[in-house]
Amino acid sequence: MRTCPRIFIRTGLAVALASITAGSVLAQDATEAFESFPSISGTRKMPKLTGFSPLTSDPTQEGALKDVKLEALLTGKGQPVEAGLTWRVFSPIPGSDGKLPLLATSEGGSTGFSLVPGEYFVNVAFGRAAATRKIRIPEDGVLDKQVLVLDAGGMTLNAVSGSDVRIPPGELSFSIYSSETQGDGERALIAADVKPSTVIRLGAGTYHVSSNYGTTNAVITADIQVEAGKLTEATIQHKAAKLTLKLVSEPGGEAIADTGWSILTSAGDIVDQEEGAFPTLVLLEGNYTAVARNKNKIYQRDFTVKAGVNTDIEVLLTNGGAAASPEAAAEAQD
């Protein structure tokens, strides 16, 4: 069962969304928004890099150390990023293990290092966006401040059920993939289990996003573009609803314990199986059959899921009651 996604996207131009209430939007500078939101700050992996090792130099060369000032911008015309950066300085000469030795690191915003004249690789990471530059520190004269452009922006994700039914954050999760497929037809996973309203720092580009509501079949995918220096807020519309299953002796009656459940599509495919008196699950809109198993008897009811309409599905003891065959019992338990 597939559905076409509806996505509501709001993108800050010179500003970024910092907080959203029912009737107001507070706007602020993009870099400040990235600081104020909880964020996923894992850095992009670089090939063959070692762990931290402090910068060391021959004592006779102490006087030859040169100061190197570094800053990073989200865009070429943006303001310096003053938080959330990770700076790394590498030697350009691989070590015996074939990896570039890590000489120094710094966390925060604009920074500086004192380095012996020579060549280095400087890498700056901002979440999952990064930039690298090879620099040469001269023996004579002063090295100009080095400015690296990250070409980065941000994305924050949320979702609703139906037209505007709020989905509890604990029931939502997102995964972000690259837009390109690999040779095996799969996409590279960039971030998994992303929670709603979390700012993900990313390089500019298009990303393939999967939104999961519950754990059954309510999954929506969409391609979302991130622009450099902008924070994009995307709200995905799920055509699904939350249901509570109950086996009852009469309408509105008390749920009967020790009941096993199977949910089938209109084509007869099993989409979920549950145990308990009143299990709760999320289903994509469509037609289904609820099959309840209690004391070796089978009861069932056809029902329809409407997007955004959360409800109870009651199966009456009068809806069936036939003794389950060994095959049916086994199928209901699988």
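The legends below describe close-up views of a predicted model.

View 1. Strand S9, which spans residues 118-126, is mostly covered, with 7 of its 9 residues buried.

**View 2. The hairpin of S9 and S10.** Between the two strands of this hairpin there are 2 residues, and glycine 127 takes a positive phi near 65 degrees. Further along, glutamate 119 stands opposite arginine 136 in S10.

**View 3. A network of salt bridges around glutamate 119.** Glu119, Lys134 and Arg136 are linked in a network of salt bridges. Within it, the closest N and O atoms of glutamate 119 and lysine 134 are 3.4 Å apart; because glutamate 119 lies in strand S9 and lysine 134 in strand S10, this pair ties together parts that are 15 residues apart in sequence. Glutamate 119 is partly exposed, at 34% relative accessibility, and lysine 134 is also partly exposed, at 46%.

**View 4. The salt bridge of glutamate 275 and arginine 293.** The side chains of glutamate 275 and arginine 293 meet in a salt bridge with an N to O distance of 3.5 Å, and the pair links distant parts of the chain, since glutamate 275 belongs to strand S22 (residues 270-275) and arginine 293 to strand S24 (residues 286-294), 18 residues apart. Glutamate 275 is exposed, with a relative accessible area of 55%, whereas arginine 293 counts as buried at 12%.

Note on methods: Residues numbered from 1 in each chain as written. Predicted model: local features only at pLDDT ≥ 70, side-chain atom pairs only at ≥ 80, totals over all residues. Heavy atoms only, no water. Buried < 20%, exposed > 50% of the residue type's maximum accessible area, 1.4 Å probe, protein only. Helix = DSSP H or I, 4+ residues; strand = E, 2+ residues; numbered from the N terminus. Pairing = 2+ DSSP bridges. Salt bridge = Lys/Arg side-chain N within 4 Å of Asp/Glu carboxyl O.
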